[in-house]
Amino acid sequence: MDKPRVVVSVTTSVDGRVSLRRDRPLMPTDDGKVWETLRPPSAPGVEEARAALLERLYSPTVTLEGSGSMVPPSAGPLTGLPPASASASASAGELYEDFVAVDASRWFTVVDGRGRVRWTMKEAGGQHLLVLVSRATPAAYLAYLRREEISYLVAGTQRVDLGAAVRRMRSLLGVTCVVSTGGGELNGALLRAGLVDEIQLIVLPAAVGGSGTPGLFDGPALADGELPTRLRLLSSQTEADGTLWLRYEVVRSR
Ligand SMILES: NC(=O)c1ccc[n+]([C@@H]2O[C@H](COP(=O)([O-])OP(=O)(O)OC[C@H]3O[C@@H](n4cnc5c(N)ncnc54)[C@H](OP(=O)(O)O)[C@@H]3O)[C@@H](O)[C@H]2O)c1
């Protein structure tokens, strides 16, 4: 067993949308405030119960997010960074080696293969920042991460190879469970790569609609002959005010 368990844990509308529109993240925009109003009074307690259950079952040490939760889709790679050649700390080759700056037991991990996010914090609530990049990530961005003492793992050539990244988390950092709280593109990529083991959904009594609105699992459609992922319902909880908590595990074909 070389792969950590991967649990997708998100809050969605009844129609499987995880935000209100494609062109901007929920936070820190007004869309986040509108999303808050969709949450019945029971929702925070159910989310706490979900986190407590995950902790009890798997003691996850990685929370995984996508860059789409931090920057809008239109954002490009960070500009204005000093060139990598100005980096005193690492040679060009060394930049593309994993960089673990702290001996941490919990990680807040973000896929940012294009180098789009400018970080304002490296640690919060006991979780240390870990960025997932690829060999196509601009060298100047990797030099920036090193200067800021921000840890990163390099996996993949054109974009982040999520399978290789989670396996590296296991072998290098001892991670046995990753909880993805990302948006639809990230979770869709995890699903297509066959990495998802469990889905924890909190469903809010609201319908958002709109083609292109981020959903639970976005990304490429099924290829010819590719089959949907079958799920087994593990538990369900219904609150009187309309919050649902659904827990599924992925059925692996033999
Ligand atoms: N309701 C909820 O629980 C919830 C949770 C999270 C987010 N959201 C909302 O959802 C929206 C963001 O969703 P989104 O779908 O736009 O963004 P997203 O899920 O963050 O997707 C983009 C991320 O996925 C990575 N990615 C996509 N395809 C990939 C592939 N094939 N291989 C490797 N990496 C891949 C991208 O990597 P690169 O950066 O390397 O390109 C990027 O980091 C925001 O509005 C956010 O606020 C809601």
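## Around the ligand

In this predicted model, 28 residues surround the ligand, with G66, G68, G113, G183 and E185 the closest. A residue is near a molecule if its C-beta atom, placed from the backbone, lies within 6 Å of it. By type, the shell around the ligand holds 11 nonpolar, 12 polar and five charged residues. Here Ala, Val, Leu, Ile, Met, Phe, Trp, Tyr, Cys and Pro count as nonpolar, Asp, Glu, Lys and Arg as charged, and the others, Gly among them, as polar.

## Where the shell comes from

Which element gives the largest share of the shell around the ligand? That is α6, with four residues. Both β1 (5-13) and α6 (184-192) supply at least two residues each. Helices (H or I, at least four residues) and strands (E, at least two) are DSSP runs, numbered from the N terminus.

## A look at strand β2

Strand β2 (residues 62-66) runs parallel to strand β3 (residues 107-111), joined by five bridges, and V62 has W107 of β3 as its bridge partner. Three bridges pair β2 with strand β7 (residues 177-180), also in the parallel sense, and T63 stands opposite V179 there. Two strands pair if DSSP finds at least two bridges between them.

## How to read the model

Residues are numbered from 1 along each chain as its sequence is written. Local features need pLDDT of at least 70, side-chain atom pairs count only at pLDDT 80 or more, and totals for chains, interfaces and linings use all residues.
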